[in-house]
Amino acid sequence: MNKRRADRHDWDVVVARFWAKVDRSAGSSECWPYMGQRDRDGYGIVSLFDHKMRAPRFAWIVTNGPLPDATLIVLHRCDNPPCCNPDHLSLGNHADNMRDMAAKGRGANQHGRHRHKYMSL
Ligand SMILES: [Zn+2]
């Protein structure tokens with residue numbers, strides 16, 4: 001990335017603000033729920049300069065760098081929408097996501113049991 005120094009500083013501020021809203025107190029192997037704004041599906045929403053991004057996607061980018069392919073999406077191995085632990089995130093495409101949802105029985109039941117972990121926090 002060829003960013004000017006001022007932009008880089010702004011980016012650092014955004015990243016620091018982001019992690020300040022992520023509850024990492026459970027430990028490095030546990031889920032890290034995003035404590036800021038969330039959308040209807042429970043995903044954290046990060047405000048970036050002039051647009052918004054889902055928090056897990058932002059966490060992945062902050063940790064690993066820009067997505068290699070814009071069509072890729074960030075998937076949760078833990079199936080916990082607000083989770084931002086990079087260890088629980090992996091890249092896939094929409095087909096992967098649909099397979100994943102079918103395998104977990106999601107989609108048919110939007111308020112399924114997979115939310116219990118997040119709800120108990
Ligand atoms: Zn997780």
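**Confidence, fold and core of a predicted model**

Among the elements of the protein chain, helix α2 has the highest mean pLDDT (96), whereas helix α4, residues 116-119, has the lowest (39); pLDDT is the predictor's confidence in each residue, from 0 to 100, and helices (H or I, at least four residues) and strands (E, at least two) are DSSP runs, numbered from the N terminus. The structure is a predicted model, in which local features need pLDDT of at least 70 and side-chain atom pairs count only at pLDDT 80 or more, while totals for chains, interfaces and linings use all residues. Residues are numbered from 1 along each chain as its sequence is written. The mean pLDDT of the protein chain is 84, and 82% of its residues reach 70 or more. Over residues 108-121, however, pLDDT stays under 50, and for this stretch the model has 13 contacts beyond four places in sequence, a contact being two residues whose C-beta atoms, placed from the backbone, lie within 7 Å. Where pLDDT is low, the predicted coordinates should not be read in detail.

The protein chain contains 4 helices and 4 strands, which follow the pattern α-β-β-α-β-β-α-α along the sequence. Of the contacts in the protein chain with a separation of 6 or more, 44% are accounted for by residues 24 or more positions apart.

Of the 121 residues, 19% count as buried, a term that requires 20 or more other C-beta atoms within 10 Å of a residue's own, whereas exposed residues have 12 or fewer and partly exposed ones lie in between, with C-beta atoms placed from the backbone. The largest nonpolar core has 14 residues, of which Val-22, Trp-32, Ala-55, Phe-58, Ala-59 and Cys-84 touch the most other members. Helix α2, residues 55-64, gives the most to this core, with 4 residues. Such a core is a set of buried Ala, Val, Leu, Ile, Met, Phe, Trp, Tyr and Cys residues joined through C-beta atoms within 7 Å. When residues up to four places away in sequence are not counted, Phe-58 touches Phe-18, Val-46 and Met-53.

Strands β3 and β4 pair in the antiparallel sense over 4 bridges, where pairing requires that DSSP finds at least two bridges between two strands. His-76 has Leu-89 in β4 as its bridge partner, and together with Val-74 it forms the covered face of β3, the uncovered face being Ile-73 and Leu-75. In the loop between β3 (73-76) and β4 (89-92) is found Asp-79, which has a positive phi of about 60 degrees although it is not a glycine. Most residues other than glycine have a negative phi. Asp-79 is partly exposed, because 18 other C-beta atoms lie within 10 Å.
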